[in-house]
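Please read the following report alongside the sequence and the model.

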Amino acid sequence: MADSAPYAELIGAVTIYVAVAGTAPPTVGQAPSASWVLYGCTTGDQTIEETGPLIYHYDNCGQAPTKAVRPQEDTMVKFTIKDSTLENLARARSQTVGDIVTSGTTKTLPITKGFVPTEYALLMVGDADSPYGAFPGYNYFPRGVFEGEITQTRSKAARSEIAVSYHVIEDRTQAAGFEQGWAAVQTS
Amino acid sequence: MATLDPLEIVIQWLRSDADLRGLVGDRIAVRHKYGMPDEASGPWPRSLAGLTVTPTAGATPLRDNCRPSRRIRVEVVSYGPDPETAEPPIRRVLALADGFTRSEVVLADGAVGLLYAVDPDDSPAADREPDLALDMLRVPFIVQAAAAAVA
(Lines give C-alpha, C1' and ligand atoms only; values in the text may rest on other atoms or scores of the structure.)
Protein backbone atom coordinates (compact mmCIF):
# COMPACT_ATOMS: atom_id res chain seq x y z
CA MET A 1 0.00 0.00 0.00
CA ALA A 2 2.92 2.29 0.62
CA ASP A 3 3.16 3.32 -3.01
CA SER A 4 -0.25 4.94 -2.97
CA ALA A 5 -1.81 7.41 -0.55
CA PRO A 6 -5.60 7.07 -0.12
CA TYR A 7 -6.36 10.77 -0.58
CA ALA A 8 -4.38 10.95 -3.80
CA GLU A 9 -7.23 9.13 -5.53
CA LEU A 10 -9.57 11.89 -6.62
CA ILE A 11 -13.07 10.58 -7.18
CA GLY A 12 -16.22 12.63 -7.52
CA ALA A 13 -17.61 15.51 -9.53
CA VAL A 14 -16.85 19.17 -8.85
CA THR A 15 -18.97 22.32 -8.94
CA ILE A 16 -18.47 24.68 -11.87
CA TYR A 17 -18.73 28.48 -11.70
CA VAL A 18 -18.35 31.13 -14.40
CA ALA A 19 -17.55 34.84 -14.11
CA VAL A 20 -16.38 37.77 -16.18
CA ALA A 21 -12.88 37.11 -17.55
CA GLY A 22 -10.18 38.08 -15.07
CA THR A 23 -12.34 37.61 -11.96
CA ALA A 24 -10.06 36.50 -9.14
CA PRO A 25 -10.54 33.02 -7.67
CA PRO A 26 -11.64 32.62 -4.03
CA THR A 27 -9.27 31.57 -1.27
CA VAL A 28 -9.08 27.78 -1.24
CA GLY A 29 -11.88 26.43 0.95
CA GLN A 30 -13.98 29.58 0.86
CA ALA A 31 -17.16 30.03 -1.14
CA PRO A 32 -16.69 31.92 -4.43
CA SER A 33 -17.66 35.60 -4.29
CA ALA A 34 -20.93 36.92 -5.71
CA SER A 35 -19.10 37.64 -8.98
CA TRP A 36 -19.09 33.91 -9.67
CA VAL A 37 -22.26 32.34 -11.05
CA LEU A 38 -23.01 28.67 -10.48
CA TYR A 39 -23.08 27.03 -13.89
CA GLY A 40 -25.86 24.55 -13.07
CA CYS A 41 -25.86 20.83 -12.48
CA THR A 42 -23.62 18.79 -14.76
CA THR A 43 -24.11 15.27 -16.01
CA GLY A 44 -21.45 12.69 -16.87
CA ASP A 45 -17.76 13.42 -16.91
CA GLN A 46 -16.09 16.80 -16.36
CA THR A 47 -12.77 16.88 -18.16
CA ILE A 48 -9.74 19.16 -18.32
CA GLU A 49 -7.92 18.30 -21.50
CA GLU A 50 -4.41 19.60 -22.12
CA THR A 51 -2.84 19.26 -25.54
CA GLY A 52 0.38 20.51 -27.13
CA PRO A 53 2.38 17.95 -29.09
CA LEU A 54 6.15 18.12 -28.86
CA ILE A 55 8.30 18.62 -31.92
CA TYR A 56 11.53 16.62 -31.84
CA HIS A 57 14.76 17.58 -33.57
CA TYR A 58 17.17 14.97 -34.90
CA ASP A 59 20.64 15.12 -36.42
CA ASN A 60 22.77 12.87 -38.59
CA CYS A 61 25.00 11.73 -35.73
CA GLY A 62 22.51 9.49 -33.95
CA GLN A 63 19.16 7.75 -33.94
CA ALA A 64 17.29 9.49 -31.15
CA PRO A 65 16.12 13.09 -30.95
CA THR A 66 18.54 15.58 -29.48
CA LYS A 67 16.05 18.28 -28.56
CA ALA A 68 12.32 18.59 -27.93
CA VAL A 69 10.24 21.74 -27.98
CA ARG A 70 6.59 22.52 -27.40
CA PRO A 71 5.68 25.30 -29.81
CA GLN A 72 2.09 25.65 -28.59
CA GLU A 73 -0.27 24.28 -25.98
CA ASP A 74 -4.00 24.26 -25.42
CA THR A 75 -6.26 23.67 -22.43
CA MET A 76 -9.89 22.68 -22.83
CA VAL A 77 -12.55 22.09 -20.17
CA LYS A 78 -15.49 19.92 -21.21
CA PHE A 79 -18.66 19.08 -19.35
CA THR A 80 -22.36 18.70 -20.01
CA ILE A 81 -25.01 20.93 -18.51
CA LYS A 82 -28.37 19.41 -17.67
CA ASP A 83 -30.57 22.51 -17.56
CA SER A 84 -31.33 24.02 -20.97
CA THR A 85 -32.11 27.52 -19.70
CA LEU A 86 -31.46 30.35 -22.13
CA GLU A 87 -28.91 31.71 -19.62
CA ASN A 88 -26.94 28.44 -19.72
CA LEU A 89 -27.25 28.32 -23.49
CA ALA A 90 -25.99 31.92 -23.84
CA ARG A 91 -22.87 31.14 -21.78
CA ALA A 92 -22.21 27.91 -23.64
CA ARG A 93 -22.16 29.94 -26.88
CA SER A 94 -19.91 32.64 -25.35
CA GLN A 95 -22.78 35.06 -25.69
CA THR A 96 -23.84 36.79 -22.47
CA VAL A 97 -27.05 36.72 -20.48
CA GLY A 98 -27.37 40.32 -21.70
CA ASP A 99 -28.15 38.90 -25.14
CA ILE A 100 -31.41 37.54 -23.76
CA VAL A 101 -34.28 39.89 -24.52
CA THR A 102 -37.01 39.77 -21.90
CA SER A 103 -40.38 41.14 -22.88
CA GLY A 104 -43.40 40.55 -20.69
CA THR A 105 -43.58 36.82 -20.10
CA THR A 106 -41.16 35.80 -22.85
CA LYS A 107 -37.39 35.50 -23.10
CA THR A 108 -35.70 35.49 -26.49
CA LEU A 109 -32.13 34.48 -27.26
CA PRO A 110 -30.75 34.90 -30.79
CA ILE A 111 -28.69 32.07 -32.26
CA THR A 112 -26.08 34.33 -33.91
CA LYS A 113 -22.97 34.31 -31.76
CA GLY A 114 -21.05 37.03 -33.56
CA PHE A 115 -17.44 37.36 -34.65
CA VAL A 116 -15.81 37.94 -31.27
CA PRO A 117 -16.88 35.59 -28.48
CA THR A 118 -17.34 36.91 -24.95
CA GLU A 119 -14.56 35.83 -22.61
CA TYR A 120 -15.21 34.19 -19.28
CA ALA A 121 -13.30 32.96 -16.26
CA LEU A 122 -14.04 29.40 -15.13
CA LEU A 123 -13.73 27.80 -11.70
CA MET A 124 -14.07 24.09 -10.81
CA VAL A 125 -14.41 23.69 -7.04
CA GLY A 126 -14.48 20.51 -4.99
CA ASP A 127 -15.12 20.23 -1.24
CA ALA A 128 -12.95 17.11 -1.14
CA ASP A 129 -10.73 17.73 -4.13
CA SER A 130 -7.30 17.78 -2.53
CA PRO A 131 -4.94 14.83 -3.13
CA TYR A 132 -3.30 15.54 0.25
CA GLY A 133 -6.21 14.98 2.63
CA ALA A 134 -9.89 15.64 3.27
CA PHE A 135 -9.53 19.23 2.10
CA PRO A 136 -10.94 21.42 -0.65
CA GLY A 137 -9.34 22.43 -3.91
CA TYR A 138 -10.07 24.08 -7.19
CA ASN A 139 -8.97 24.54 -10.79
CA TYR A 140 -9.09 28.13 -12.02
CA PHE A 141 -8.90 29.51 -15.53
CA PRO A 142 -8.83 33.33 -15.64
CA ARG A 143 -9.67 33.78 -19.31
CA GLY A 144 -11.23 31.66 -22.01
CA VAL A 145 -14.11 31.28 -24.41
CA PHE A 146 -16.93 28.80 -24.71
CA GLU A 147 -16.64 27.31 -28.16
CA GLY A 148 -20.37 27.24 -28.76
CA GLU A 149 -20.46 24.31 -31.14
CA ILE A 150 -23.54 22.85 -29.56
CA THR A 151 -25.78 20.01 -30.64
CA GLN A 152 -29.12 19.98 -28.89
CA THR A 153 -31.22 16.90 -29.44
CA ARG A 154 -34.90 16.62 -28.61
CA SER A 155 -36.37 13.15 -28.43
CA LYS A 156 -39.39 11.40 -26.98
CA ALA A 157 -37.78 10.02 -23.85
CA ALA A 158 -34.31 11.56 -23.58
CA ARG A 159 -33.25 14.88 -22.11
CA SER A 160 -31.80 17.64 -24.24
CA GLU A 161 -28.44 18.60 -22.73
CA ILE A 162 -25.80 21.22 -23.51
CA ALA A 163 -22.32 19.82 -24.08
CA VAL A 164 -20.04 22.71 -23.13
CA SER A 165 -16.43 23.14 -24.21
CA TYR A 166 -14.33 25.95 -22.80
CA HIS A 167 -11.05 26.84 -24.47
CA VAL A 168 -8.49 28.63 -22.32
CA ILE A 169 -6.87 31.83 -23.63
CA GLU A 170 -3.80 33.34 -22.01
CA ASP A 171 -4.48 36.08 -19.48
CA ARG A 172 -1.23 38.03 -19.54
CA THR A 173 -2.26 40.11 -16.53
CA GLN A 174 -1.52 37.01 -14.41
CA ALA A 175 1.95 36.19 -13.09
CA ALA A 176 4.37 34.57 -15.52
CA GLY A 177 3.55 30.88 -15.93
CA PHE A 178 0.04 31.32 -14.56
CA GLU A 179 -1.48 32.87 -17.69
CA GLN A 180 -3.63 29.80 -18.42
CA GLY A 181 -4.79 29.36 -14.84
CA TRP A 182 -3.80 26.98 -12.09
CA ALA A 183 -4.84 24.28 -9.64
CA ALA A 184 -4.85 25.14 -5.92
CA VAL A 185 -5.47 22.62 -3.14
CA GLN A 186 -5.36 22.74 0.62
CA THR A 187 -2.75 20.44 2.17
CA SER A 188 -3.47 20.55 5.91
CA MET B 1 -1.41 -2.31 7.80
CA ALA B 2 -4.74 -4.08 8.08
CA THR B 3 -6.99 -3.96 5.04
CA LEU B 4 -10.37 -2.38 5.67
CA ASP B 5 -13.58 -3.98 4.43
CA PRO B 6 -15.54 -1.62 2.16
CA LEU B 7 -18.77 -3.27 3.35
CA GLU B 8 -18.02 -2.34 6.96
CA ILE B 9 -17.15 1.21 5.89
CA VAL B 10 -20.42 1.72 4.04
CA ILE B 11 -22.47 0.28 6.93
CA GLN B 12 -20.71 2.56 9.43
CA TRP B 13 -21.25 5.49 7.09
CA LEU B 14 -25.00 4.78 7.04
CA ARG B 15 -25.06 4.31 10.83
CA SER B 16 -23.46 7.72 11.30
CA ASP B 17 -26.39 9.53 9.66
CA ALA B 18 -28.75 10.86 12.34
CA ASP B 19 -31.78 11.05 10.01
CA LEU B 20 -31.39 7.44 8.93
CA ARG B 21 -30.98 6.33 12.54
CA GLY B 22 -34.20 8.18 13.30
CA LEU B 23 -35.94 5.91 10.79
CA VAL B 24 -34.31 2.53 11.48
CA GLY B 25 -32.45 2.94 14.80
CA ASP B 26 -29.71 0.34 15.13
CA ARG B 27 -31.35 -1.93 12.58
CA ILE B 28 -28.64 -1.57 9.89
CA ALA B 29 -26.72 -4.81 9.26
CA VAL B 30 -25.57 -7.31 6.67
CA ARG B 31 -28.45 -9.64 7.60
CA HIS B 32 -31.83 -8.74 9.03
CA LYS B 33 -33.04 -10.17 12.34
CA TYR B 34 -36.75 -10.19 11.63
CA GLY B 35 -38.74 -13.33 12.50
CA MET B 36 -36.45 -14.51 15.28
CA PRO B 37 -38.18 -16.75 17.86
CA ASP B 38 -38.19 -14.09 20.56
CA GLU B 39 -39.24 -11.43 18.16
CA ALA B 40 -41.32 -9.43 20.62
CA SER B 41 -38.22 -8.71 22.70
CA GLY B 42 -35.76 -9.23 19.88
CA PRO B 43 -33.78 -6.52 18.19
CA TRP B 44 -35.82 -6.25 14.95
CA PRO B 45 -39.60 -6.14 15.68
CA ARG B 46 -41.61 -6.71 12.52
CA SER B 47 -43.54 -3.48 13.02
CA LEU B 48 -40.40 -1.35 12.56
CA ALA B 49 -38.32 -0.49 9.50
CA GLY B 50 -34.84 -1.97 9.06
CA LEU B 51 -32.04 -1.82 6.51
CA THR B 52 -29.68 -4.49 5.22
CA VAL B 53 -26.51 -3.94 3.17
CA THR B 54 -25.44 -7.10 1.38
CA PRO B 55 -22.59 -7.71 -1.07
CA THR B 56 -23.79 -8.63 -4.53
CA ALA B 57 -22.17 -9.29 -7.90
CA GLY B 58 -21.81 -6.66 -10.57
CA ALA B 59 -18.93 -4.29 -9.79
CA THR B 60 -15.88 -4.54 -12.03
CA PRO B 61 -12.89 -4.90 -9.71
CA LEU B 62 -10.20 -2.22 -9.90
CA ARG B 63 -7.07 -3.31 -11.71
CA ASP B 64 -4.55 -1.14 -9.85
CA ASN B 65 -1.44 -3.23 -9.28
CA CYS B 66 -1.11 -2.07 -5.68
CA ARG B 67 -4.84 -2.32 -4.83
CA PRO B 68 -5.05 0.92 -2.82
CA SER B 69 -8.84 0.87 -2.92
CA ARG B 70 -11.65 -1.63 -3.38
CA ARG B 71 -14.81 -1.36 -5.38
CA ILE B 72 -17.81 -3.51 -4.50
CA ARG B 73 -21.49 -3.61 -5.37
CA VAL B 74 -23.92 -3.82 -2.48
CA GLU B 75 -27.66 -4.25 -2.36
CA VAL B 76 -29.33 -1.99 0.16
CA VAL B 77 -32.72 -3.39 1.18
CA SER B 78 -35.22 -1.46 3.25
CA TYR B 79 -37.81 -3.53 5.17
CA GLY B 80 -41.11 -2.53 6.72
CA PRO B 81 -44.53 -3.95 7.58
CA ASP B 82 -46.02 -1.89 4.74
CA PRO B 83 -44.63 0.11 1.79
CA GLU B 84 -45.13 3.38 3.69
CA THR B 85 -42.70 2.22 6.38
CA ALA B 86 -40.20 0.60 4.02
CA GLU B 87 -39.89 3.59 1.70
CA PRO B 88 -38.43 6.44 3.87
CA PRO B 89 -35.16 4.64 4.79
CA ILE B 90 -34.27 3.82 1.18
CA ARG B 91 -35.21 7.36 0.18
CA ARG B 92 -32.82 8.66 2.81
CA VAL B 93 -30.00 6.42 1.53
CA LEU B 94 -30.61 7.67 -2.02
CA ALA B 95 -30.57 11.27 -0.75
CA LEU B 96 -27.22 10.63 1.00
CA ALA B 97 -25.81 9.23 -2.24
CA ASP B 98 -26.94 12.31 -4.19
CA GLY B 99 -24.04 14.71 -4.33
CA PHE B 100 -21.84 12.39 -2.28
CA THR B 101 -18.24 13.56 -1.98
CA ARG B 102 -15.25 11.72 -0.53
CA SER B 103 -15.90 11.13 3.18
CA GLU B 104 -14.00 9.86 6.17
CA VAL B 105 -15.83 7.20 8.21
CA VAL B 106 -14.93 6.28 11.78
CA LEU B 107 -15.20 2.51 12.22
CA ALA B 108 -16.18 0.55 15.33
CA ASP B 109 -12.53 -0.06 16.31
CA GLY B 110 -11.64 3.63 15.95
CA ALA B 111 -9.85 3.27 12.61
CA VAL B 112 -10.85 5.84 9.99
CA GLY B 113 -11.84 4.60 6.55
CA LEU B 114 -12.11 6.68 3.40
CA LEU B 115 -15.21 6.30 1.25
CA TYR B 116 -14.65 7.47 -2.32
CA ALA B 117 -17.98 6.84 -3.99
CA VAL B 118 -21.51 5.63 -3.27
CA ASP B 119 -23.46 5.58 -6.50
CA PRO B 120 -26.89 4.01 -7.21
CA ASP B 121 -26.56 1.31 -9.87
CA ASP B 122 -30.24 0.67 -10.64
CA SER B 123 -33.69 2.05 -9.94
CA PRO B 124 -35.47 0.90 -6.74
CA ALA B 125 -37.23 -2.46 -6.95
CA ALA B 126 -40.20 -3.28 -4.72
CA ASP B 127 -40.65 -6.79 -3.39
CA ARG B 128 -42.46 -8.61 -0.61
CA GLU B 129 -41.13 -11.23 1.78
CA PRO B 130 -44.12 -13.59 2.09
CA ASP B 131 -43.01 -15.63 5.11
CA LEU B 132 -42.35 -12.57 7.26
CA ALA B 133 -45.11 -10.46 5.63
CA LEU B 134 -42.62 -7.61 5.11
CA ASP B 135 -42.43 -5.16 2.25
CA MET B 136 -38.99 -4.53 0.77
CA LEU B 137 -37.41 -1.91 -1.44
CA ARG B 138 -34.00 -2.75 -2.87
CA VAL B 139 -31.43 -0.54 -4.61
CA PRO B 140 -27.94 -1.69 -5.61
CA PHE B 141 -25.05 0.73 -5.13
CA ILE B 142 -21.47 0.77 -6.39
CA VAL B 143 -19.22 1.53 -3.42
CA GLN B 144 -15.52 2.35 -3.49
CA ALA B 145 -13.39 2.70 -0.39
CA ALA B 146 -9.69 2.96 0.47
CA ALA B 147 -8.12 -0.32 1.53
CA ALA B 148 -5.93 1.28 4.20
CA ALA B 149 -7.07 3.33 7.18
CA VAL B 150 -6.38 7.05 6.82
CA ALA B 151 -6.11 7.60 10.58
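## Basis of the model

This is a predicted model, in which local features need pLDDT of at least 70 and side-chain atom pairs count only at pLDDT 80 or more, while totals for chains, interfaces and linings use all residues. Residues are numbered from 1 along each chain as its sequence is written, chains are lettered from A and ligands numbered from 1 in the order in which they are written, and side-chain values use heavy atoms, with hydrogens and water left out.

## The fold of chain B

Chain B contains 3 helices and 7 strands, and along the sequence these elements follow the pattern α-α-β-β-β-α-β-β-β-β. Helices (H or I, at least four residues) and strands (E, at least two) are DSSP runs, numbered from the N terminus.

Along the principal axes, the C-alpha atoms of chain B fill a box of roughly 45 × 30 × 25 Å. Of the 151 residues of chain B, 44% count as buried, where buried means under 20% relative accessible area, exposed over 50% and partly exposed in between (1.4 Å probe, protein chains only). Among contacts (heavy atoms within 4.5 Å) in chain B between residues at least 6 apart in sequence, 60% join residues at least 24 apart.

## The interface of chains A and B

The contact takes 13 residues from chain A and 17 residues from chain B. About 1300 Å² is buried between the two chains, with carbon and sulfur atoms giving 58% of this area; buried area is the accessible area (1.4 Å probe) that two parts lose on being put together, summed over both. On the side of chain A that touches chain B, the residues divide into 7 nonpolar, 3 polar and 3 charged, counting Ala, Val, Leu, Ile, Met, Phe, Trp, Tyr, Cys and Pro as nonpolar, Asp, Glu, Lys and Arg as charged, and the others, Gly among them, as polar.

Which polar interactions does the rule find across the interface of chain A and chain B? There are 8 residue pairs in polar contact, both residues being at pLDDT 80 or more. A polar contact is a pair of N or O atoms within 3.5 Å; within protein, one must be able to donate a hydrogen and the other to accept it, and residues adjacent in sequence count only if both atoms are side-chain atoms.

## Residues with positive phi

Ser94(A), in the loop between helix H1 (86-92) and strand S7 (101-103) of chain A, has a positive phi near 60° although it is not a glycine. Ser94(A) counts as buried because its relative accessibility is 1%.

Ala133(B), also not a glycine, has a positive phi of about 55° and is found in the loop between strand S6 (125-129) and strand S7 (134-146) of chain B. With a relative accessible area of 36%, Ala133(B) is partly exposed.

## Two buried residues of chain A

Thr23(A) lies in the loop between strand S1 (15-20) and strand S2 (37-38) of chain A and is buried, with a relative accessible area of 15%. A polar atom of its side chain lies 2.6 Å from the backbone oxygen of Val20(A).

Ser165(A), in strand S11 (residues 162-168) of chain A, is buried at a relative accessible area of 16%. Not counting residues up to four places away in sequence, Ser165(A) touches Met76(A), Val77(A), Lys78(A), Val145(A), Phe146(A) and Glu147(A).
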